[in-house]
Amino acid sequence: MKRIMQITAVLALLLFLVGCGRNGKMESSPESKTLQAAARAKEESPMKIKVSDGKNTVVFALNQSQAAKDLWNQLPLTIGVENYGSNEKIFYPKKLRTENTPAADARAGTLAYYAPWGDVVMFYRDFGSAGGLYQLGEAESGRDGIAGLMGKITIEKQ
């Protein structure tokens with residue numbers, strides 16, 4: 001009886017080792033590896049948005065912050081854009097959460113969120129920083145078109 005238990009234990013150990021890879025870890029199936037690679041690529045690929053009024057188009061690359069992800073998840077949007085001051089255009093999406101979102105030091109081409117008012121800001125001239133101003137991303141193309149945006153704009157995933 002003792003001998004049978006020893007043989008059973010050895011067989012169980014061998015079966016375990018056969019199912020494990022070189023490092024003692026269970027190996028994934030090719031399908032599982034493909035799904036894991038696709039998930040990593042999605043996480044690493046930048047979120048880009050296209051903002052257009054029909055005449056001017058700007059493409060912004062978003063950061064991986066919570067506020068940027070919240071904006072991304074609201075797209076597509078067709079919304080009014082407004083002038084504010086002499087350096088920015090603004091629009092009002094649904095509220096964005098700001099945890100894990102860096103403070104902005106806004107320059108021409110910066111996309112930011114001003115939490116106290118709940119507006120997204122597209123800077124076409126340098127601004128600097130302000131309390132409650134959070135960085136969402138940067139213009140990748142069309143930076144010069146920000147100043148010309150007017151009326152209704154369409155914001156969509158790129």
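Reply:
**From a surface patch to the core**

Tyr-84, Tyr-92 and Trp-117 form a nonpolar patch on the surface, and together they have about 330 Å² of accessible area. Such a patch joins nonpolar side chains (Val, Leu, Ile, Met, Phe, Trp, Tyr) within 5 Å, or like charges within 9 Å, from residues with over 30% relative accessible area and no salt bridge. The areas come from the Shrake-Rupley method with a 1.4 Å probe, and for residues only the protein chains shown count as cover. This is a predicted model, in which local features need pLDDT of at least 70 and side-chain atom pairs count only at pLDDT 80 or more, while totals for chains, interfaces and linings use all residues. Residues are numbered from 1 along each chain as its sequence is written, and side-chain values use heavy atoms, with hydrogens and water left out.

The protein has 3 helices and 8 strands, where helices (H or I, at least four residues) and strands (E, at least two) are DSSP runs numbered from the N terminus. In that order the elements run α-α-β-β-α-β-β-β-β-β-β.

Past strand E3, the loop between E3 and E4 holds Asn-87, which is buried at a relative accessible area of 12%. Leaving out residues up to four places away in sequence, Asn-87 touches Met-122, Phe-123, Tyr-124, Arg-125, Asp-126 and Phe-127, a contact being heavy atoms within 4.5 Å.

A nonpolar core is a set of buried Ala, Val, Leu, Ile, Met, Phe, Trp, Tyr and Cys residues joined through side-chain atoms within 4.5 Å. The largest one has 26 residues, and those touching the most other members are Ile-49, Phe-60, Leu-111, Met-122, Leu-136, Ile-153 and Ile-155. Among the elements that each supply at least two residues of this core are strand E3 (77-84), strand E6 (119-123) and helix H3 (66-73), and H3 gives the most, with 4 residues. Another core, of 7 residues, lies apart from this one and includes Ile-90, Ala-104, Ala-106 and Leu-133.

In one of them Asp-70 meets Arg-97 (2.7 Å, N to O); Asp-70 lies in helix H3 and Arg-97 in the loop between strand E4 (88-91) and E5, so the pair ties together parts that are 27 residues apart in sequence. Asp-70 counts as buried at 8% relative accessibility, whereas Arg-97, at 45%, counts as partly exposed. The side chains of Lys-48 and Glu-140 also meet in a salt bridge (2.9 Å, N to O), and this pair links distant parts of the chain, with Lys-48 in strand E1 and Glu-140 in strand E7, 92 residues apart.

Technical notes: Buried means under 20% relative accessible area, exposed over 50%, partly exposed in between (1.4 Å probe, protein chains only). A salt bridge is a side-chain nitrogen of Lys or Arg within 4 Å of a carboxyl oxygen of Asp or Glu.
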